[in-house]
Each structure stands twice: as C-alpha cells, then as structure tokens.
Amino acid sequence: MASAAEQWVQDQERLAKPDRVYWCDGSDGEAWRLLEIGLSEERLMGPVFQQLNQKTWPTAYLHRSNPNDVARTEKVTFVCHPTKEASGPNNNWMEPEKAKALMSKLSDGCMAGRTMYVIPYMMGHPDSPYAKACMMVTDSCYVAISMRVMTRIGTDIFEKLRNREDFIKGFHSIGTLDPDRRYVMHFPEEGLVWAVGSGYGGNALLGKKCVSLRIGSFLGYKQGWLAEHMVIMGIEDLHGKKTYITAALPSACGKTNLAMMESALPGYRVWTLGDDIAWLNIGPDGRLWAINPEAGYFGVAPGTSMKTNPNMMKTIKRGAFNPTLFTNVALDTDRNEPWWEGIDGPVPENLLDWQGHPWTPSLGTKAAHPNSRFTASIINSPMLDAEAANPRGVPISAIIFGGRRTQLIPLVTESFNWAHGVFMGARMGSETTAAATGQVGVVRRDPMAMLPFCGYNMADYWRHYLNMGNRMSRPPRIFSVNWFRVDDRGKFIWPGFGDNMRVLKWVIDRVTGAVPARETPAGLVPRIEDLDMTGLVLPKEDLERLFTVNMKDWRPEVDSVRDFLKPYKGRLPAEIREQYEKLERQVR
Ligand code: GTP
Ligand code: SPV
Ligand code: MN
C-alpha cells in the first residue's frame with residue numbers, strides 16, 4: 001500500500017495533470033541534471049537559466065523572473081484558520097473551504113505539458129529533535145534547484161517521512177503568472193501551503209517563509225516553541241569565548257549582512273549559523289536554543305561587495321557545493337558576469353538590465369532589480385560556525401529586534417526585562433523595502449519583523465512570547481537596534497556593517513554585566529564611554545545623537561503604536577497593554 005506521502009503526491013498529480021513526474025533524490029549529480037533542463041527549457045520568459053562565466057563565477061547561473069513577479073506579494077497571501085479571529089488582523093483570511101475551492105480551480109490541469117518535481121525535504125538537521133519533515137511538489141525547475149540549495153532534500157529524507165502522516169505539505173505551480181490568478185494560501189491546522197501563480201522567492205520556495213515561518217510559527221504556538229525571522233550568529237571575543245545571539249530585522253534591513261559581518265573591532269570575530277530564520281526551543285537547561293531550519297542563503301544582491309560583505313562575496317564565488325543562482329541581477333555581457341548596484345569596480349561598459357534590455361547609467365533606472373537575489377549553500381560560507389550542524393542548536397544569550405528608522409529610534413536600547421523586551425519587539429516599526437511589492441520607504445509597524453510571517457493572531461503570538469519568557473530559568477536579554485538613523489542632510493550617521501560589532505560588543509558586555517547603562521524612558525542605552533570606538537572617528541555630537549531619546553518627539557510614534565494595537569483589543573495580553581500605557585504616560 002502507498003504511504004501517506006505517496007498517496008498525497010498521487011492526489012496532487014491527479015489534480016495538476018503534469019506530463020511527467022520527477023522524484024528528486026538529492027544526489028550530487030541531480031542539481032546539474034536539473035540545471036541542464038533549465039538551460040534548454042523555454043518558459044514564458046525564455047530559458048529558465050543562463051550559464052555565467054564559470055572561470056570567475058564557478059557554478060553560477062542567471063535566472064530572470066517575470067517582471068510582474070519580483071517580490072513577495074502580501075496582498076495575495078492568506079492564512080486560512082477556521083475563523084478570521086484565529087488568523088488575526090495581521091493576516092488576510094479566507095474561509096478554508098472557499099480558499100480550497102478557489103485553489104483547486106486554479107490548480108486543475110495547471111501542470112499540463114510540464115514536469116511535476118516531487119521534493120521530500122527537511123527543515124532543520126535531519127537528526128534534530130526540532131526538525132520538521134516536509135513534502136513539496138512544483139512545476140518549476142528553478143524552484144526545485146533552489147529548494148535543493150535552501151533545504152535538505154532527498155531520498156533519505158523521504159524514507160524518514162514515508163511512515164508518518166504529520167509531514168508539512170506544499171503544492172506550488174507557477175500557473176500562468178497572471179497576477180490576478182496568484183495566491184499563496186496557508187492552512188496551518190493541516191500543515192498545508194498551496195501557492196499558484198508566482199515563481200519568486202518567498203512566494204515559491206515554500207520551505208522558507210511559508211513553512212518555516214507561517215506554518216512553523218503556528219506549530220510553535222501549539223507545541224511551545226518560536227519560529228522567528230532571525231539571524232543566528234556566534235561572536236568570538238579576544239579570549240576565544242563565544243556568545244550566541246539572534247537578531248530579527250524586517251526584510252532587506254540587514255540580517256544577511258549582520259550574520260556574515262567582518263568585524264571592524266580588532267580581536268572580535270563573527271561566526272554564522274543562519275541569516276533569515278531561527279527556530280527557538282527551550283532546552284533542558286532552561287535556556288533558549290536556536291537552530292536554523294534552512295541550509296542556504298536567499299540574499300539581497302544590491303549593496304553586496306568586498307567592502308560591505310566580503311564573506312558573502314567569497315560564498316557566492318566559491319561554487320564548491322551546489323550551484324549559486326542569481327535572480328534578476330544585471331549581466332555584464334563582455335565578461336558574462338553578474339552585476340548589481342554597489343558591487344566592486346567600475347560600471348561595465350556593456351550591460352543588460354535585469355529584464356535583459358541594454359542598460360547605461362544615463363537611463364536613470366536600476367540595472368539590477370532592487371530585490372534581485374542570490375541563492376547559495378550556507379556550507380560555502382568561509383565563516384560557518386562549528387556548531388551550525390549541531391542538531392541541538394546553540395544557546396542564545398541575547399535577542400535583538402531592529403528596524404530601518406531614519407529618525408527617533410536609538411542605535412541600541414536594552415529592555416528593562418522580558419515583558420518590556422516583548423513590548424519593544426511588538427512596537428517595532430520599519431520603513432518598507434523592495435522585498436515586498438508596494439510602496440517603499442514608508443514606516444509601518446512590523447512587530448518582531450514578523451508582520452508578514454506570523455501564521456496566527458499576533459495578539460496570541462505576543463501572549464506566547466511572554467509565556468516563553470516565563471518558562472525559561474535563564475532567558476536571553478532583549479535589545480533593539482537601528483543602524484539607519486540619518487542626519488539633517490539625510491546621510492546615515494552610523495557607518496553600519498562591520499562597525500555594528502561595536503554595538504554587539506556592548507550587548508555582550510551587558511549580558512556579562514561588564515558595563516552599566518543609562519536609563520531613558522524608552523529603555524537602557526550605552527554611556528558613550530562604554531562604546532568601543534577603537535579605529536572609528538565619529539564626531540561626539542553625532543554619537544550623542546544616536547542615543548538621544550527625547551520623549552516630546554515620540555508622540556507620533558506612540559500614536560502609531562496605539563493605532564496598530566487597536567484592532568487586537570480583546571486579545572491583547574495585559575502585559576503589553578501595561579507596557580504601552582507606561583510609554584503613553586511618558587509622552588503626555
Ligand atoms: P531579507 O533577505 O529580505 O530578509 O533581508 P536582510 O534583512 O537579510 O537584509 P540584507 O542584509 O540583505 O540588507 C539589505 C540592505 O540593507 C542592503 O542594501 C544592505 O546594503 C543594507 N544594509 C545592511 N546592513 C546595513 C547597515 O549596517 N547600515 C546600512 N546603512 N545599510 C545596511
Ligand atoms: C524576505 O523578504 O524577508 C526574504 C526574501 O528573505 S523572501 O524569500 O522572498 O521572503
Ligand atoms: Mn527574510
């Protein structure tokens with residue numbers, strides 16, 4: 001008799017009616033076999049892949065997505081719990097049966113003439129007690145190869161889930177790429193993601209945002225753990241002592257750069273474990289332990305260079321394990337190399353933009369799409385932490401919440417306690433970026449960088465966060481950061497990138513109790529003399545400005561937090577309401 005997993009695949013095949021079914025085995029040769037298919041396969045947009053210069057960019061390939069399909073589309077992303085209330089004001093909701101009828105219609109015969117790739121995969125190390133077994137079907141070989149880079153796939157994983165019913169299911173088809181027929185549907189109770197009409201990133205690589213965050217966060221709520229939009233990193237000090245921290249920043253706000261930082265502070269060194277998603281469990285020792293459910297990077301290309309992120313440049317040029325894919329970057333046609341704004345060196349003479357059109361700077365447009373990305377295996381990273389593959393994960397000493405704020409929010413703030421820290425996360429705001437469709441550069445509330453990714457009512461999520469703190473005997477400290485404050489001329493005051501180590505050092509000094517802090521109504525900030533400025537010259541008034549908390553300027557911020565919290569009213573945890581009221585009193 002067929003196993004539950006095989007049965008499920010047969011059902012999808014019957015619905016989507018592909019010409020062929022290809023079971024991914026995860027073998028070494030398979031990536032190259034799939035690439036061969038992608039090099040010759042003509043899709044709605046020409047070949048799926050184009051080979052890049054293999055001498056300078058070994059194993060690198062270029063993919064161009066449909067110009068109408070270049071970022072996550074939050075408007076068509078739904079979380080379908082049985083009731084709207086369970087999904088919360090933070091999610092689009094549709095009645096599950098209605099959503100399924102709609103998706104069945106869109107999926108009926110949608111793979112005719114195509115191959116259906118079957119991908120058994122695991123989020124997390126296969127030996128980890130925290131890992132989850134998953135199964136996905138897709139009609140995109142770009143997605144199939146990307147899943148191979150981003151997750152752990154293959155026959156051995158299939159053997160693991162063959163005899164179980166609780167695997168997470170994902171159906172994906174690029175459909176017609178018609179934006180009016182594009183939906184990313186989640187059914188958390190069933191552990192099912194159903195996405196049609198997009199081939200891009202978080203809409204299509206289902207293991208990432210859909211499974212590891214939206215479905216994962218709901219599983220975490222039920223089972224007592226947290227699925228977070230967070231970096232996991234180890235910081236080694238002068239004496240070889242390592243401290244592990246996690247950091248949540250919204251999309252395109254600096255997680256990848258932070259996770260792979262080359263420290264500007266001599267003697268300090270960063271080791272990376274993950275750049276986007278963390279699963280956090282309470283260990284038997286009462287501490288918080290983090291694993292990265294992913295196995296690869298899907299990082300923002302523009303701005304990446306030897307100057308800003310040398311470790312990532314080395315990773316994507318290494319080409320040792322799995323292909324490196326570029327999506328919607330520009331092409332230097334003389335050298336057959338990828339190119340983007342902010343990469344090292346002069347602008348090449350002959351460039352095609354991300355859509356394949358000849359491009360010169362005089363056009364005034366961007367050559368690479370602002371949300372163009374690379375996909376690369378994390379094991380190509382020259383700074384992978386020795387514990388990255390430890391099934392138990394690493395113990396976390398500090399959690400950092402951050403956002404992109406040109407005004408108001410200090411460079412770093414420490415919370416007074418766990419509940420205040422959860423409120424600090426809950427009141428986070430950030431300016432929108434190109435990672436999702438819609439207007440760029442407007443401040444929106446983005447609690448814990450999870451607004452687009454929390455798979456249930458955010459008020460329940462805050463309750464769960466508070467409970468997690470109560471269950472730990474040694475909870476991590478909670479901080480907030482903002483690298484993006486600007487001066488009167490609109491220039492970033494803080495240099496960022498490798499210099500962010502100065503902030504992380506202060507965070508560690510606070511964790512170990514090495515330095516006192518200055519109290520403000522918004523939280524604890526560094527005394528200027530405690531910030532290690534070795535090798536960095538910054539005018540004193542600029543430095544002081546980074547830590548200015550003037551409550552009279554906070555009125556609009558507090559109003560915006562109040563408006564954001566309003567729809568959660570009945571469900572809002574009392575602790576969050578009290579923290580809000582306390583802040584409110586400060587600006588009166
Ligand atoms: P997602 O993959 O969308 O989740 O993004 P991310 O949070 O990993 O962001 P990433 O590190 O790719 O950075 C996005 C943008 O922020 C890039 O253009 C970076 O150059 C810029 N950036 C990152 N760190 C800093 C910083 O410390 N200061 C400044 N000014 N910009 C930064
Ligand atoms: C993000 O938007 O936070 C990303 C890219 O990491 S995507 O995979 O498209 O979600
Ligand atoms: Mn992300």
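Predicted model: local features only at pLDDT ≥ 70, side-chain atom pairs only at ≥ 80, totals over all residues.
**Met-136 in strand E8 is the bridge partner of Ile-119.** Residues are numbered from 1 along each chain as its sequence is written, chains are lettered from A and ligands numbered from 1 in the order in which they are written, and side-chain values use heavy atoms, without hydrogens and water. Strands and helices are DSSP runs numbered from the N terminus (E of at least two residues for strands, H or I of at least four for helices), and two strands pair if DSSP finds at least two bridges between them. Seven bridges join E7 and strand E8 (residues 132-138) in the antiparallel sense. Strand E9 (residues 152-153) pairs with E7 over two bridges, also antiparallel, with Ile-153 of E9 opposite Tyr-121. Strand E1 (residues 20-23) runs parallel to E7, joined to E7 by four bridges; Trp-23 has Val-118 of E7 as its bridge partner.

**Strand E7 (residues 115-123) is mostly covered, with nine of its nine residues buried.** Buried stands for under 20% relative accessible area, exposed for over 50%, and partly exposed for the range in between (1.4 Å probe, protein chains only). In a regular strand the side chains alternate between the two faces of the sheet. One side of E7 holds Thr-115, Tyr-117, Ile-119, Tyr-121 and Met-123, the other Met-116, Val-118, Pro-120 and Met-122, and both faces are covered.

**Strand E12 (192-196) is paired with strand E11 (183-187) in a hairpin.** E11 and E12 are antiparallel and share five bridges; Phe-187 stands opposite Leu-192. Four residues lie between the two strands, and Gly-191 takes a positive phi near 60°. Strand E10 (residues 168-173) also pairs with E12, in the parallel sense and over five bridges, and Lys-169 has Leu-192 as its bridge partner. Five of the five residues of E12 are buried, so the strand is largely enclosed by the rest of the structure. Leu-192, Trp-194 and Val-196 point one way from E12, and Val-193 and Ala-195 the other way.

**Glu-189 sits in the loop between E11 and E12.** Glu-189 is partly exposed, at a relative accessible area of 46%. Beyond its neighbours within four places in sequence, Glu-189 is in contact (heavy atoms within 4.5 Å) with Cys-80, His-81, Pro-82 and Phe-218. The side chains of Glu-189 and His-81 form a polar contact of 2.9 Å. A polar contact is a pair of N or O atoms within 3.5 Å; within protein, one must be able to donate a hydrogen and the other to accept it, and residues adjacent in sequence count only if both atoms are side-chain atoms.

**Thr-77 lies in strand E6 (residues 77-79).** Thr-77 is buried, with a relative accessible area of 10%. A polar atom of the Thr-77 side chain is 2.7 Å from the backbone oxygen of Thr-73. Leaving aside neighbours within four places in sequence, Asn-92, Val-184, His-186 and Arg-214 are in contact with Thr-77.

**The manganese ion (ligand 3) is coordinated by Lys-209 (NZ), His-229 (NE2) and Asp-276 (OD), at 2.1 to 2.5 Å.** Donors are N, O and S atoms within 2.8 Å of the metal (3.2 Å for Na, K and Ca), and sites may look incomplete because water is not among the atoms. Along the chain the donors follow the spacing K-x19-H-x46-D. Lys-209 belongs to helix H8 and His-229 to the loop between E13 and strand E14 (230-236), so the pair ties together parts that are 20 residues apart in sequence. Lys-209 and His-229 are both buried.

**Four strands form an open antiparallel sheet in the order E13-E17-E18-E26.** E13 (226-228) and E26 (394-396) are the edge strands, each with a single partner strand, so one side of each is left without a neighbour in the sheet. On average, neighbouring strands are turned by 35° against each other, direction ignored. Axes are lines fitted to C-alpha atoms, for helices over the stretch in contact, and angles run from 0 to 180 degrees between N-to-C directions. Three bridges link E18 (residues 288-291) and E26, and Ala-290 has Val-394 of E26 as its bridge partner. Helix H8 (residues 207-223) lies across E13 and strand E17 (278-282) and runs at about 155° to E13. Helix H12 (residues 458-471) packs on the sheet as well, touching E13, E17 and E18, with its direction at about 115° to that of E13.
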